[in-house]
Amino acid sequence: MTSPRTRITKAVIPAAGLGTRFLPATKATPKEMLPVVDKPAIQYVVEEAVAAGLSDVLMVTGRNKRPLEDHFDRNYELEQVLRDKGDEGKLARVQESSDLATMHYVRQGDPRGLGHAVLCAAPHVGNQPFAVLLGDDLIDPRDPLLARMLQVREERGGSVIALLEVDPSSIHLYGAAAASPTSDGDVVRVSDLVEKPSAEQAPSNLAIIGRYVLDPAVFDVLSKTQPGRGGEIQLTDALQALSVDESLGGPVHGVVFSGRRYDTGDRGDYLRAIVRLACEREDLGPEFREWLRGYVTEEM
């Protein structure tokens with residue numbers, strides 16, 4: 001285990017999934033590039049990492065993910081057109097994504113699960129702690145979850161996962177944690193993890209959501225982790241090993257999140273996320289909320 005006070009600067013964003021739940025929209029467009037209001041979902045995730053002080057971002061991609069790289073690269077032709085038109089507002093928005101962070105890319109190649117995607121980051125991360133952010137969960141910038149997780153890692157060492165209390169009937173959609181309280185009200189000590197258990201088998205209703213701060217010891221555990229649920233190498237299984245045997249590179253703590261989370265993991269939640277974010281925008285919210293009230297009253 002590395003020192004708890006080792007400064008964390010690197011974030012890993014797995015983005016190799018096929019996005020089959022959004023077909024046919026994702027036949028030629030990566031799901032991470034689907035717009036949430038007027039920015040692709042992946043940009044919100046990179047912005048969150050940067051806001052927490054993680055300026056070195058590695059994206060784990062796969063085939064047909066080139067648009068992700070293009071989005072965070074410069075587009076000189078478009079920039080020049082906007083500059084010639086004197087449209088400084090749009091120019092700034094176009095340049096914003098390319099100026100966010102130092103971006104790196106590696107291909108997963110064989111899609112063997114989240115654990116395997118994280119393992120692909122080992123050469124870039126090295127023997128340093130790092131954060132993992134999944135693109136399906138968008139965290140409102142007013143609720144700095146990742147910054148809190150980094151603080152817990154600095155204070156307690158090991159790895160830190162984000163947890164959310166969910167209805168027991170939904171726990172089968174998540175990894176579930178067995179946990180005990182600590183001296184901090186929002187922090188628990190994790191003693192066991194189960195990937196997508198039934199409601200009867202779940203150790204609690206504390207679900208893992210897509211934010212992790214990981215000790216590099218997880219790489220050694222992942223390299224020895226056998227395929228689990230769905231025939232994939234599960235990150236949850238590696239974290240479970242760390243949680244029950246601290247000598248491997250533990251402990252594992254969880255931050256219980258109670259803020260604003262926008263789930264873009266399926267079509268219905270994706271639409272709800274767009275509506276919620278649009279309603280809260282200063283430039284769009286007032287007019288959109290008025291229209292939405294009228295639509296609901298008249299049409300529903």
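**Cores, strands and charged pairs in a predicted model**

At 24% relative accessibility, Leu-114 counts as partly exposed, a class that lies between buried (under 20% relative accessible area) and exposed (over 50%), as found with a 1.4 Å probe on protein chains only. The structure is a predicted model, in which local features need pLDDT of at least 70 and side-chain atom pairs count only at pLDDT 80 or more, while totals for chains, interfaces and linings use all residues. Residues are numbered from 1 along each chain as its sequence is written, and side-chain values use heavy atoms, with hydrogens and water left out.

Leu-114 has its place in helix α5 (residues 114-119), where helices (H or I, at least four residues) and strands (E, at least two) are DSSP runs numbered from the N terminus. Leaving out residues up to four places away in sequence, Leu-114 touches Pro-14, Leu-134, Tyr-212, Ile-233 and Leu-235, contact being defined as heavy atoms within 4.5 Å. One of these residues, Ile-233, is 119 residues from Leu-114 in sequence, yet the two C-alpha atoms are 6.6 Å apart in space.

The nonpolar interior was examined next. A nonpolar core is a set of buried Ala, Val, Leu, Ile, Met, Phe, Trp, Tyr and Cys residues joined through side-chain atoms within 4.5 Å. The largest such core holds 49 residues, of which Ile-13, Val-46, Leu-54, Met-59, Leu-133, Leu-145 and Val-213 touch the most other members. Helix α1 (residues 41-51) gives the most to this core, with six residues. Val-46, when residues up to four places away in sequence are not counted, touches Ile-13, Met-59, Phe-72, Leu-100, Ala-101 and Met-103. A second, separate core comprises 30 residues, among them Val-12, Leu-58, Leu-163 and Leu-235.

Strand β11 (residues 206-214) is largely enclosed by the rest of the structure, because nine of its nine residues are buried. Two strands are taken to pair if DSSP finds at least two bridges between them. By this rule, β11 pairs in the antiparallel sense with strand β6 (residues 130-133) over four bridges, and Leu-133 has Arg-211 of β11 as its bridge partner. Strand β8 (residues 159-165) is likewise antiparallel to β11, with six bridges, and here Val-160 is partnered by Val-213. Elsewhere, strands β9 (residues 175-181) and β10 (residues 187-195) run antiparallel and are joined by seven bridges. A hairpin connects β9 to β10 through five residues, and the bridge partner of Pro-181 in β10 is Val-188.

Two buried charged residues were considered individually. Lys-10, found in strand β1 (residues 10-14), is buried yet has no salt bridge, the nearest side chain of opposite charge being that of Asp-56, 4.8 Å away. Here Lys and Arg count as positive and Asp and Glu as negative, whereas His and the chain ends are not counted, and a salt bridge is a side-chain nitrogen of Lys or Arg within 4 Å of a carboxyl oxygen of Asp or Glu. A polar atom of the Lys-10 side chain does, however, lie 2.7 Å from the backbone oxygen of His-124. Asp-137, in strand β7 (residues 137-139), counts as buried at 7% relative accessibility. The side chain of Asp-137 makes a polar contact with the side chain of Arg-261 at 2.7 Å; such a contact is a pair of N or O atoms within 3.5 Å, where within protein one must be able to donate a hydrogen and the other to accept it, and residues adjacent in sequence count only if both atoms are side-chain atoms.

A search of the whole structure finds 22 salt bridges. In one of them, Arg-148 and Asp-186 have their closest N and O atoms 2.8 Å apart; this pair links distant parts of the chain, since Arg-148 is in helix α7 (residues 145-156) and Asp-186, 38 residues apart from it, is in the loop between β9 and β10. Asp-215 and Arg-153 also meet in a salt bridge (2.9 Å, N to O). Asp-215 lies in the loop between β11 and α8 (217-224) and Arg-153 in helix α7, so the pair ties together parts that are 62 residues apart in sequence. Asp-215 is buried at 1% relative accessibility, and Arg-153 is buried with a relative accessible area of 1%. By contrast, in the salt bridge between Asp-283 and Arg-281, Asp-283 counts as exposed at 54% and Arg-281 as partly exposed at 24%. Finally, Arg-21, Lys-31 and Asp-136 are linked in a network of salt bridges.
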